[in-house]
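This report goes through a protein chain piece by piece, from strands to helices to single residues. Keep the structure in view while reading.

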Amino acid sequence: MSNSTNNPGIVNNTRNYDVIIAGCGAAGLYAAINLPSDMNILIICKRELSLCNSMLAQGGIAGVYNSPTDNIRYHLNDTLTAGGFKNNVDAVHTLVSEAAQDLEHIIELGVDFDKNPDGTYHRTLEGGHGHHRIFHHADATGKEITTTLLENVQALPNVTIMDNTIMCAAKQTSTGYSAMLRLSDGSYLTANCHFMILATGGIGRVYQFTTNSAIATGDGITFAYEMGARIKNLSYVQFHPTAFNNRATRECFLISEAVRGEGAYLLNCNKERFMHNYDERLELAPRDVVSHAIILESRRLGSTDFYLDISYKDADFLKNRFPMIYQNLLEQGYDLTKKPVPIFPCQHYLMGGIDVDNNSESTLHNLFACGECSHTGVHGSNRLASNSLLEALVFSRHAANCIASRAAEAPEDFEAAEFDPHIGADTIPKGIRTETRKILQTAHFVIPDKQAAAEGYERVKEIREGLLSGGYYVDPDYVLAKSIVTVAYIILGEVKD
Ligand SMILES: Cc1cc2nc3c(=O)[nH]c(=O)nc-3n(C[C@H](O)[C@H](O)[C@H](O)COP(=O)(O)OP(=O)(O)OC[C@H]3O[C@@H](n4cnc5c(N)ncnc54)[C@H](O)[C@@H]3O)c2cc1C
């Protein structure tokens, strides 16, 4: 591939690639695997390779694959029911009917799902699923899938992986896209491509409390928004009902839905079960219903003390089935085999995002988005448990296939956009992220507060304008703050109207 450019811009160092993928989670990695081997691909992640939401996924990946008692129609219905029927039915059909193909592919790539003694795959149950259809690797499924995909990508000679490399800005050019990257040594690079895939993950860090990893600041959504791509349903945020209740840290350790799938009870501050007052599916109601019930029960009793109790089950079974959760809770002073564990809802997942079609293409030509930053419409207003890893795989393969089908039409040359990182300029004022997080946590938690959203919107708009016009040094702090503020601005704008 040529490294010539027409317009070097202010960041003089440039490189050209057929495809740039922003994100080394399940979506970005699986896209790289499915792209043609003669394409020159750059895949980046802004921190270390292991820091992403994909690595944190516990419960598993849903799918109908060699399942005699299940079928894709059931999976479709469960997905639509959980999503409040606000899903894109065609996209859901794609998701459930192509699950088998991608599950089989990742098994071939080396992913090791748990099996029964007879050699068949063990499928577990989670809230909202009418059948046992969750494939898992104990309670560390995301780590198993992501590390296997990463090993496969690392073996591809056509793929360059750059970690600790943050995309600071992106622009559309006459030949595709340009991105300003800040490399691990602090230098800047303009990387140009014909096709760009944004796979930058979720937005959890826009909240005070979240299960998400530190990378989840909505950068890709912000870049797409700034370039003029359509962003859809960003206020469709999922709050997981059972995060470990540790109000001391931003990242709340998740206690997987699979624990309720194995029979755990939810208890209020009086250590009484209460779900029967809210939904006939009890603890196995979908996430939004359970989170809602907890908040209502919390208001009724004037307490935020809630518990998850599975201590009545066999201790050895629990230690084998949930080794990571067991160990993590033990380190926090809780033995889940012996006593109830404190939980409370917190931000967990984003259903909205960069609006894409069935090819995972955004409203901008050759700009693709997949994984949690995208809006395929499969989740409706509430994601069914374990459908997001599946979505990341199915729709990143679609992006790769679409790019492959257009590769021959790509231009010969690469235009480089101009970027100015304002080296030597002031850094952003302190406190922007903290203030924005507080606003969102108050205005758009489980039960949105329209008045707080309207007031928060005006403040966040002001902060955003200051960031955009301030001429600040474009370092990682600036990029993250601008993303957090932009995501909050879009969400609050949706909620207030
Ligand atoms: C605790 C937890 C448990 C979960 N459990 C499950 C489960 O059991 N089943 C399920 O289906 N889903 C689960 N999910 C959701 C699922 O893990 C995620 O939705 C999915 O993994 C997202 O994958 P992704 O590739 O889109 O993003 P991620 O895996 O988050 O990857 C994002 C990547 O983008 C990179 N990036 C971001 N911004 C930039 C930038 N500016 N420049 C360069 N790189 C950037 C990051 O460095 C990272 O490599 C869980 C999520 C959490 C948080």
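Strand β10 pairs with strand β15 (residues 353-355) over two bridges, and the sense of the pairing is antiparallel. Within this pair, Lys232 has Gly353 of β15 as its bridge partner. The model described here is a predicted one.

The two strands belong to an open sheet of three strands, ordered β10-β15-β17, in which the pairing is mixed. The edges are held by β10 (231-232) and β17 (374-375); each has a single partner strand, so one side of each is left without a neighbour in the sheet. In general, strands of a sheet pair through backbone hydrogen bonds, in either a parallel or an antiparallel way.

## A four-strand antiparallel sheet

Another open sheet has four strands in the order β11-β14-β13-β12, with antiparallel pairing. Its edge strands are β11 (237-244) and β12 (265-267), each of which pairs on one side only. From one strand to the next, the twist averages 45 degrees.

Inside this sheet, strand β13 (residues 306-309) and strand β14 (residues 341-350) run antiparallel and are joined by three bridges. Tyr307 has Pro342 in β14 as its bridge partner.

## Strand β1 and its parallel partners

Strand β1 covers residues 14-22 and is mostly covered, with eight of its nine residues buried. Which strands does β1 pair with in the parallel sense? One partner is strand β9 (residues 188-198), joined to β1 by eight bridges. The other named here is strand β2 (residues 41-44), which pairs with β1 over four bridges.

Is helix α1 (residues 26-34) mostly covered or mostly exposed? It is mostly covered, since nine of its nine residues are buried. The buried residues include Leu29, Tyr30 and Ile33, along with Asn34.

Helix α6 (residues 219-227) is also mostly covered, with seven of its nine residues buried. These buried residues are Asp219, Gly220, Ile221, Thr222, Phe223, Ala224 and Met227. Just after α6 comes Gly228, which takes a positive phi of about 100 degrees.

## Packing of α13 and α14

A pair of packed helices is described by the angle between their axes and the distance between those axes. For helix α13 (residues 450-469) and helix α14 (residues 476-496), the axes come within 8 Å and cross at roughly 145 degrees. This crossing is left-handed.

On the α13 side, the residues making the contact include Ala453, Tyr457, Val460, Ile463 and Leu467. On the α14 side they include Tyr478, Ala481, Val485, Tyr489 and Leu492. Sorted by class, the contact has 14 nonpolar, three polar and five charged residues. Among the residues in the contact are Lys450, Lys461 and Arg464 of α13, and Lys482 and Lys496 of α14.

## A buried loop residue

Ser235 lies in the loop between β10 and β11. Is Ser235 buried or exposed? Its relative accessible area is 15%, and buried means under 20%, so Ser235 is buried.

Leaving aside residues up to four places away in sequence, Ser235 touches His444, Ile491, Glu494 and Val495. Val495 is also one of the α14 residues in the contact with α13.

## Two asparagines with positive phi

Asn66 has a phi near 50 degrees, a positive value in a residue other than glycine. It sits in the loop between β3 (61-62) and α3 (72-82). Asn66 is exposed, because its relative accessible area is 60% and the cut-off for exposed is over 50%.

Asn164 also has a positive phi, of about 50 degrees, although it is not a glycine. The loop that holds Asn164 runs between β6 (159-162) and β7 (166-173). With a relative accessible area of 32%, Asn164 is partly exposed.

Terms used
Residues are numbered from 1 along each chain as its sequence is written. This is a predicted model: local features need pLDDT of at least 70, side-chain atom pairs count only at pLDDT 80 or more; totals for chains, interfaces and linings use all residues. Side-chain values use heavy atoms; hydrogens and water are left out. Axes are lines fitted to C-alpha atoms, for helices over the stretch in contact, and angles run from 0 to 180 degrees between N-to-C directions. A crossing is left-handed if the near helix is turned anticlockwise from the far one by less than a right angle, and right-handed if clockwise. Contact means heavy atoms within 4.5 Å. Ala, Val, Leu, Ile, Met, Phe, Trp, Tyr, Cys and Pro count as nonpolar, Asp, Glu, Lys and Arg as charged, and the others, Gly among them, as polar. Buried means under 20% relative accessible area, exposed over 50%, partly exposed in between (1.4 Å probe, protein chains only). Two strands pair if DSSP finds at least two bridges between them.
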